[in-house]
Amino acid sequence: MRPKELISRWVEAFNKGDADEIAEFYHADAVNHQVANEPIVGKEAIRQMFAQEFSTAEMTCIVENIFEDGDWGILEWKDPLGLRGCGFFHIVDDKIKLQRGYWDKLSFLRQHKLPIPTE
């Protein structure tokens, strides 16, 4: 599966808010590093991360662009509240091996009326 196709399917699963479905896109030892947070390692830990996030805030990913270069895909996205970001996906054997995301965590917390850490 080409990175663009896999990322499109990943977005569909993300927008359903189904942590179990989205976890199936990852290798058992995958790394998801949203740079505003510590890296999450392993498919089960990634599933738990998404379950927690989906229970904390209603999130929708609106695709602006999907690019690919070899076994890498890049997702440029926005959400209905105006937040924008991008994600880099390294695809190996039709699964995500590494995901790295860039977005403004402070804006996300404010938009969703979530607590802002003081540390």
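Two strands pair if DSSP finds at least two bridges between them. Strands here are DSSP E runs of at least two residues, and helices are H or I runs of at least four, numbered from the N terminus. With that in place, look at S1 and S6. They run parallel, joined by five bridges. In that pairing, His-33 stands opposite Arg-100 in S6.

A word on the basis. This is a predicted model, so local features need pLDDT of at least 70 and side-chain atom pairs count only at pLDDT 80 or more, while totals for chains, interfaces and linings use all residues. Residues are numbered from 1 along each chain as its sequence is written, and side-chain values use heavy atoms, with hydrogens and water left out.

Confidence next. pLDDT is the predictor's confidence in each residue, from 0 to 100. The chain has a mean of 92, and 92% of its residues reach 70 or more. Strand S2, residues 40–41, is where confidence is highest, at 98. Helix H4, residues 105–111, is where confidence is lowest, at a mean of 69. Where pLDDT is low, the predicted coordinates should not be read in detail.

Back to the strands. S5 and S6 are antiparallel, paired over eight bridges. Two of the partners are Ile-91 and Ile-96, the latter in S6. Another bridge sets Gly-85 against Trp-103 in S6. The hairpin of S5 and S6 has two residues between the strands, and Asp-93 takes a positive phi near 55 degrees there.

S4 and S5 are antiparallel too, with seven bridges. Gly-73 has Phe-89 in S5 as its bridge partner. These strands also form a hairpin, this time with five residues between them. In that turn, Gly-82 has a positive phi of about 100 degrees.

Now the core. By nonpolar core I mean a set of buried Ala, Val, Leu, Ile, Met, Phe, Trp, Tyr and Cys residues joined through side-chain atoms within 4.5 Å. Buried is under 20% relative accessible area, exposed is over 50%, and partly exposed is in between, with a 1.4 Å probe and protein chains only. The largest such core holds 26 residues. Which of them touch the most other members? Trp-10, Phe-14, Phe-25, Tyr-26, Phe-50, Leu-75 and Ile-96 do. Several elements each supply at least two residues: helices H1 (3–16), H2 (19–23) and H3 (43–56), and strands S1 (26–34), S4 (72–78), S5 (84–92) and S6 (95–103). H1 gives the most, with six residues.

Take Phe-25 from that list. Contact means heavy atoms within 4.5 Å. Leave aside neighbours within four places in sequence, and Phe-25 is in contact with Leu-6, Arg-9, Trp-10, Ala-13, Lys-95 and Ile-96.

On to charge. Side chains of opposite charge can pair when their charged atoms come close. I count a salt bridge when a side-chain nitrogen of Lys or Arg is within 4 Å of a carboxyl oxygen of Asp or Glu. That rule gives nine salt bridges.

Glu-5 bridges to Arg-9, with the closest N and O atoms 2.7 Å apart. Both sit in helix H1, four residues apart, about one turn of the helix. Glu-5 is partly exposed at 37%, and Arg-9 is partly exposed at 40%.

Second, Arg-47 and Asp-20, at 3.5 Å between the closest N and O atoms. This pair links distant parts of the chain, from helix H3 to helix H2, 27 residues apart. Arg-47 is partly exposed at 24%, as is Asp-20 at 48%.

Third, Asp-29 and Lys-97, with closest N and O atoms 2.8 Å apart. Here the link runs from strand S1 to strand S6, across 68 residues. Asp-29 is partly exposed at 46%, and Lys-97 is partly exposed at 30%. There is also a network: shared partners join Asp-20, Glu-44 and Arg-47.

Last, the cysteines. How many disulfides are there? A disulfide is a pair of cysteine sulfur atoms within 2.5 Å, and by this rule the count is zero. For Cys-61, the nearest cysteine sulfur is that of Cys-86, 11 Å away. Cys-61 is buried, at 8% relative accessibility. Cys-86 is partly exposed, at 22%.
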